[in-house]
Amino acid sequence: MTAKTLYKAKYISAEGKVGYKNIDGKMVTYFSKPMERYIVTDAKGDYKMYDPATNTVIRELGMEYSSKYSFINCFMANKTSDMGLPNLGFKLSDVRTEDKLLIKNWIGSIVSKAGAATAELVYENNLPIYIGIYNPKKEIDNKTYFGNYQKVGNINFPMSVTEITFMTPQDSSITKRTYSSPMFNEQADSKLIDFIIPSNAKVVTSPKK
């Protein structure tokens, strides 16, 4: 995986590998650049970020960290029909076709004075190509684009994912992730997915958000 992020005229590039185990949702992301890091999470939201250089680990626990919210889980677990939106509290409200595209509209279950959050999921040739998340004020919060699909085994997998996160209507960060050389089952890198953070790693306080 290569990841390139642009925010406030600053550009960050990262390289690494991602391993995912469908049985228990364990996901290991290894970054080799710009600095070595391991990020380990699972379906229960047990998140750990390990720094080999200092043998320290930052740990968080919460469903917002769950691997089941990852787009990788959606494709591996054959959940592309809803892309995990029900797990985020969305319910399907409308389905329509437009210019050979299938569009599914979703509405959040939590309603405030400003209204409810909404989402738009767009398909082309039965494959998801776009997800838009809107806040209760009908302002766009997040856009995700999926492209460059490749057939790997019996799975159609997007090798390019671009995510735009809006901090304000005028301010956003753009991250493009490009994947290559996917491997499944016995071909996969078992050393990566079986990685375990050393038991003597020191737990440090996570930085303030």
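Colleague: Which residues lie nearest the centre of the largest pocket, and how many line it?
Modeller: The largest pocket has 49 lining residues, and those nearest its centre are E64, Y69, S70, E163 and R177. A pocket here is an open set of points on a 1 Å grid over the protein atoms alone, where a 1.4 Å probe fits, with protein on both sides within 12 Å along at least five of seven lines, and lining residues have an atom within 4 Å of a point. Please keep in mind that this is a predicted model, in which local features need pLDDT of at least 70 and side-chain atom pairs count only at pLDDT 80 or more, while totals for chains, interfaces and linings use all residues. Residues are numbered from 1 along each chain as its sequence is written, and side-chain values use heavy atoms, with hydrogens and water left out.

Colleague: How much space lies in it, and what classes of residue make up the lining?
Modeller: The space in the largest pocket comes to about 1800 Å³, counted as what is filled by probe spheres set on the points. Its lining holds 28 nonpolar, 13 polar and eight charged residues.

Colleague: And the second largest pocket, what lines that one?
Modeller: The second largest pocket holds about 760 Å³ of space. It is lined by 26 residues, with V18, G19, Y20, M183 and A188 the closest to its centre. Two or more lining residues come from each of β2 (10–20), α1 (71–76), β12 (155–168) and α2 (190–193), where helices (H or I, at least four residues) and strands (E, at least two) are DSSP runs.

Colleague: Which element gives the most?
Modeller: That is β2, which contributes five residues to the lining of the second largest pocket.

Colleague: Switching topic, how do β5 and β6 run?
Modeller: Strand β5 (residues 46–51) and strand β6 (residues 56–61) run antiparallel and are joined by six bridges, and strands pair if DSSP finds at least two bridges between them. Y47 has E60 in β6 as its bridge partner. Four residues lie between the strands of this hairpin, and N55 takes a positive phi near 55° there.

Colleague: Which way does β14 run beside β6?
Modeller: Strand β14 (residues 202–204) runs parallel to β6, with three bridges joining the two, and T56 stands opposite K202 in β14.

Colleague: How many aromatic pairs are there?
Modeller: The search of the whole structure finds 14, where rings of Phe, Tyr and Trp pair if their centres lie within 6.5 Å, and planes under 30 degrees apart count as stacked, over 60 as edge-to-face and the rest as tilted. One of them joins Y47 and Y65, whose ring centres are 5.1 Å apart with planes at 35°, so this pair is tilted. Y47 is in strand β5 and Y65 in the loop between β6 and α1, so the pair ties together parts 18 residues apart in sequence.

Colleague: Is Y65 buried or exposed?
Modeller: Y65 is buried, at 19% relative accessibility, since buried means under 20% relative accessible area, exposed over 50%, and partly exposed in between.

Colleague: What about F71 and F75, how do their rings sit?
Modeller: Their ring centres are 6.1 Å apart and the planes are at 80°, so the pair is edge-to-face. Both lie in helix α1, four residues apart, which is about one turn of the helix. F75 is buried at 5% relative accessibility, and ring pairs link F71 and F75 with F146, Y149, F157 and Y179 into a cluster.

Key
Nonpolar A, V, L, I, M, F, W, Y, C, P; charged D, E, K, R; others polar. Phe/Tyr/Trp six-rings, centres within 6.5 Å; stacked < 30°, edge-to-face > 60°. Buried < 20%, exposed > 50% of the residue type's maximum accessible area, 1.4 Å probe, protein only.
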